[in-house]
Amino acid sequence: MAEAEESPGDPGTASPRPLFAGLSDISISQDIPVEGEITIPIRSRIREFDSSTLNESVHSTIMRDLKAVGKKFMHVLYPRKSNTLLRDWDLWGPLILCVTLALMLQRDSADSEKDGGPQFAEVFVIVWFGAVTITLNSKLLGGNISFFQSLCVLGYCILPLTVAMLICRLVLLAGPGPVNFMVRLFVVIVMFAWSIVASTAFLADSQPPNRRALAVYPVFLFYFVISWMILTFTPQ
Amino acid sequence: MAAVDDLQFEEFGDVATSVTANPDATTVSIEDPGETPKHQTGPLRGSGREEDDELLGNDDSDKTELLAGQKKSSPFWTFEYYQTFFDVDTYQVFDRIKGSLLPIPGKNFVRLYIRSNPDLYGPFWICATLVFAIAISGNLSNFLIHLGEKTYHYVPEFRKVSIAATIIYAYAWLVPLALWGFLMWRNSKVMNIVSYSFLEIVCVYGYSLFIYIPTAILWIIPQKAVRWILVMIALGISGSVLAMTFWPAVREDNRRVALATIMTIVLLHVLLSVGCLAYFFDAPEMDHLPTTTAIPNQTVAAAKSS
């Protein structure tokens, strides 16, 4: 059959010898094995590694995820223009931060009848629905960031405010007073600015330049509300 | 050749003559009016073909003109449909906010700033900012008023945020809905010059609420006179924006109906601002302090005399 084939590339030249003439000399069935594994040694090692995450210990699974979360925390604390938060997004970090913040901000169940601070569910709803609203707003304005990437960035950038909450609770143990309040105010303002800078570093590039302020303002409002809840927290 | 003569292209010479001849015909405007007289002077056959070509060539421009008029062509279940409501740039939003702060008599907010590009960004985020501004300012002003009292324990009244959100968003969306329905109903009875789409009315209401954000922040000052002056100023500005926007829409109507409509719009606005002031901000009870200082004096005097 090789003789019948003609290469379409040469219209004019009619070679007297048929193409692929040497092939017919080779006996296919015995000399060339046609079955076997097409594997590259390194590739097979990686495939083995991937499939064996089921067999690894729970400790290494958790540590791997915790290390990823910790790496992103470092990126938030020292915001540089990097892609790590966007490329390997995950929602574990935001969940941990949101739960921690909501646990610390909720009012005691003793005075739940009186009009007091937010409940756990209220903080949770504010954080997650606020983040979803900001993401929708950013996408509607024409940003080219994906939904979960934006949620991931907004969630991770709550880290400075969670640290502020921890510091505020420690400071409040010293007793109320104007000095106490000034210290808390200063800490919250610094952490608020840090959150805004961190999230803008990640999010601002995804917007067209003539709408950047429109996309950043809701982020400002979001972190402002969370800072307000932290600042006005009074232990019962 | 008779067949070709039958297929001769008709000269659409004067728009005016063709309109008078056939008033129901839609006239299509070709982009280069300067070229059509030239074609008319040429030979009929050639001019026919060239005009044919020109109509075909300019078909795209006609289509783009038609499409530019109707922006929202995606079906409502796609994401692109909602993106058309956020098609504004930063400077446009700032211009619209400026327009709501400086009502110029005679200039219509919708016609000047919004025309055929209503956005939902402004109304939504202005309302959100206003909700938090009112809740936070109310909380802060209550804290400052009751600062010296020993019996007062500060609570961040978080429930008020949800109440404020309900009130403000209901006002910003339900009142425009009612107004739009009312205007449509009157429009069917009376031929109005100006009619607004629902989104344009929402836009006007949203941007007119912007003045309340600095007003709410300034309401922290615990002086009754200051607060009422601020209410007057804010009502004056936003009320006049609304009145000047909707006056052309009801002007053609029965005098009484028009005046009643404008009065209702302004009245609802007054209710919103006064209601927010009354509910979220405690009255600055400056007269409580003298009584608390007077009572110990009386008890001391009574103890001395007895």
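I began with residues 228–250 of chain B: the span is 100% helix and 0% strand, with its end C-alpha atoms 31 Å apart. Helices here are DSSP runs (H or I, at least four residues) and strands are E runs of at least two, numbered from the N terminus.

I noted that this is a predicted model, where local features need pLDDT of at least 70, side-chain atom pairs count only at pLDDT 80 or more, and totals for chains, interfaces and linings use all residues. Residues are numbered from 1 along each chain as its sequence is written, chains are lettered from A in the order written, and side-chain values use heavy atoms, without hydrogens and water.

I looked up the UniProt record (unreviewed entry), which lists residues 228–250 of chain B among its "transmembrane region" spans; such annotations may be inferred rather than shown by experiment.

Last, I checked Ser238(B), in helix H13 (residues 224–250). Is Ser238(B) buried or exposed? Ser238(B) is buried, at 0% relative accessible area; buried means under 20%, exposed over 50%, partly exposed in between (1.4 Å probe, protein chains only). I also noted contacts (heavy atoms within 4.5 Å) from Ser238(B) to residues including Ser208(B) and Tyr212(B).

Methods. Lists of a residue's contacts leave out its neighbours within four places in sequence.
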